[in-house]
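Let's walk through this protein together, one question at a time.

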Amino acid sequence: MAEGVFSDQVVDVVIVGAGIAGMAAAFDLQSRGVSVRVLEASTRAGGVIATDRFDDWVVDAGPDSLLVQKPAAVALCRELGIADRLVSTLTPRTAYVLRDDQLHPIAEGSFLGFPITAGALAQSGLFSVAGKARMAGELFIPRRTGDEDESIGDFVRRRFGQEAVDYLAEPLLAGIHAGDVDRLSIHALFPRLVEAERRSGSVIRALRALRVRPSPQGAFVSLPGGVGELVDALSRALAPGTIVTGARATGVERSDTYAIDSTAGGIRARSVVLAVPAYAAASLVRTLDPALADLCNAVPYASTATVAFGYGRDQIAHPLRGTGFVVPRTEGIALLAGTWVSSKWPGRAPAGHVLIRGFLGGGRDPRRLDASDRELVETAQRELVDLLGISGSPLFARLYRWTRQSPQYEVGHLQRVAQIERRLTTLPGFFVTGSGFRAIGIPDCISDGRATAARAADYATARS
Ligand SMILES: Cc1cc2nc3c(=O)[nH]c(=O)nc-3n(C[C@H](O)[C@H](O)[C@H](O)COP(=O)(O)OP(=O)(O)OC[C@H]3O[C@@H](n4cnc5c(N)ncnc54)[C@H](O)[C@@H]3O)c2cc1C
């Protein structure tokens with residue numbers, strides 16, 4: 001092991017990766033009185049959670065929303081003493097879908113964009129008459145026999161028809177994951193829809209029976225200083241020195257303990273939690289178990305970019321009454337989606353100004369990110385100008401590249417993760433967590449990180 005900052009320490013648990021999963025795991029271990037170090041390759045904690053704050057602008061470079069329905073993020077905010085700072089989305093919370101150069105609102109009475117009431121379907125200007133008839137016909141489509149995984153596209157096409165794939169499933173359900181609708185797994189990403197069909201024979205019937213109503217507080221919350229506030233609070237809550245930045249783990253060896261080498265030196269631990277992207281986990285486990293490394297490496301990743309623009313309110317003709325819009329592939333433009341950030345969250349732009357974010361790349365447009373920073377900014381700006389009636393230049397434009405940061409839970413993902421779990425049983429005290437495996441989005445990363453921490457704590461304390 002390389003000499004470095006750790007001298008000859010043996011800690012209970014070493015976590016590799018200080019994204020939200022690794023940080024939540026560290027927080028949990030600390031609360032249990034277990035000694036823990038977090039090795040982080042980059043110069044800051046938080047992983048893809050990053051908030052830029054300048055003048056009176058608050059720009060989330062990556063994620064901007066915490067889903068309330070999955071309570072782990074709100075619960076963590078409570079433990080960190082920042083729950084009273086949580087803010088709901090502003091109203092109206094309408095999201096729009098682009099079709100034929102028009103932004104169509106997703107009707108009230110929809111679930112994941114699918115109109116589940118007759119009123120919602122009738123009101124919607126997004127679908128043709130034939131498309132609406134086919135969607136309403138979902139009530140009469142027989143239940144599928146068999147339980148094997150299928151793509152989001154296949155599931156929605158089978159139940160709701162092609163228009164629902166083109167204008168809902170592709171831009172919205174696959175779009176959230178920056179993925180390809182015909183590759184992403186419905187079982188891994190939208191198990192509630194699968195369960196709805198299985199239970200009731202019809203997704204619409206099942207959702208109507210559940211009486212899913214939009215919460216008056218909205219489905220998402222955030223923090224006034226952006227989601228980065230959560231990372232700041234976690235950093236403050238962890239004992240000084242717990243997270244070591246600039247420490248890229250380069251290898252792991254196993255004897256009576258685990259020896260983890262990093263660019264900041266070597267450290268030994270009774271238990272190891274890898275909280276890094278699956279491909280990074282693959283290179284770290286290669287010497288321990290090449291088959292495990294191959295399984296981790298097989299999780300595909302997509303790259304995206306977000307581009308944030310600040311404008312004066314009077315530069316934009318569109319009323320921006322809602323949270324933003326998604327763009328179906330069929331519309332043939334580069335933007336995947338846009339968020340009207342200052343209409344969605346309070347306090348993101350100075351008075352009389354507007355903050356807008358565009359998304360580019362993803363599984364449907366993988367070559368897009370080969371373009372230069374300048375080209376990406378110009379593309380996003382040009383398309384937003386056309387869509388929203390913008391005049392003049394933005395006050396600023398900031399580009400954030402997220403290269404290989406969106407794991408793609410493709411058909412078969414759950415089976416692959418089960419295989420990974422089986423192989424890990426031959427490495428006692430060795431665990432993986434984070435978005436590459438069993439956790440979609442921040443709340444899942446927090447709950448999976450904490451559950452993994454509990455397993456690591458049990459293992460390490462039994463051996464200390
Ligand atoms: C653009 C974008 C928007 C999103 N929007 C939302 C949203 O609004 N709401 C939501 O809930 N989710 C959203 N997500 C998803 C969510 O942000 C992620 O699922 C989650 O933050 C991933 O956390 P993580 O800890 O698993 O991984 P990461 O954040 O990727 O952290 C992994 C860490 O490991 C470090 N690392 C890698 N290799 C090594 C090594 N060898 N040694 C040491 N350290 C290493 C990395 O530097 C990184 O800090 C979004 C994602 C993206 C990309």
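Angles under 35 degrees count as roughly parallel, over 145 as roughly antiparallel, 65 to 115 as roughly perpendicular and the rest as oblique. This is a predicted model, in which local features need pLDDT of at least 70, side-chain atom pairs count only at pLDDT 80 or more, and totals for chains, interfaces and linings use all residues. Residues are numbered from 1 along each chain as its sequence is written.

Q: How are H8 and H9 oriented to each other: roughly parallel, antiparallel, perpendicular or oblique?
A: Helices (H or I, at least four residues) and strands (E, at least two) are DSSP runs, numbered from the N terminus. Axes are lines fitted to C-alpha atoms, for helices over the stretch in contact, and angles run from 0 to 180 degrees between N-to-C directions. Helix H8 (residues 191-200) packs on helix H9 (residues 203-210) at an angle of about 95°, and their axes are 8 Å apart. H8 and H9 are therefore roughly perpendicular.

Q: How do the residues of the contact of H8 with H9 divide by class?
A: Two residues are in contact if their C-beta atoms, placed from the backbone, lie within 7 Å. Leu193, Ala196, Glu197, Arg199 and Ser200 in H8 meet Val203, Arg205, Ala206, Leu207 and Ala209 in H9. Ala, Val, Leu, Ile, Met, Phe, Trp, Tyr, Cys and Pro count as nonpolar, Asp, Glu, Lys and Arg as charged, and the others, Gly among them, as polar. The contact has 6 nonpolar, 1 polar and 3 charged residues.

Q: Between which domains does the ligand lie?
A: A residue is near a molecule or strand if its C-beta atom, placed from the backbone, lies within 6 Å of it. The ligand is surrounded by 35 residues, and the closest are Gly17, Gly19, Gly47, Pro63 and Gly434. Domain bounds come from an automatic or database domain assignment. Both domain 1 (10-48 + 226-300 + 409-462) and domain 3 (301-407) give residues to the shell, so the ligand lies between domain 1 and domain 3.

Q: How many charged residues are in the shell around the ligand?
A: Helix H1 (20-31), strand S2 (36-40), strand S16 (301-312), strand S20 (396-407) and helix H16 (441-462) each supply at least two residues of this shell. By class, the shell has 18 nonpolar and 14 polar residues, and the number of charged ones is 3.

Q: How many residues of domain 3 are in contact with domain 1?
A: The C-alpha centres of domain 1 and domain 3 lie 32 Å apart. On the domain 1 side, 9 residues take part in the contact, and on the domain 3 side the number is 5.

Q: Which residue is the bridge partner of Ala302?
A: Two strands pair if DSSP finds at least two bridges between them. An open sheet of 7 strands runs in the order S8-S7-S17-S18-S19-S16-S20, with mixed pairing. Within it, S16 and S20 pair in the antiparallel sense over 9 bridges. In S20, the partner of Ala302 is Ser406.

Q: Which residue in S11 does Val87 stand opposite?
A: An open sheet of 3 strands has the order S5-S11-S6, with antiparallel pairing. S6 pairs with strand S11 (residues 220-222) over 2 bridges. Opposite Val87 stands Ser222.

Q: What is the omega of the cis peptide bond at Pro92?
A: Pro92 is found in the loop between S6 and strand S7 (95-99). A cis peptide bond joins Thr91 and Pro92, with an omega of about -5°.
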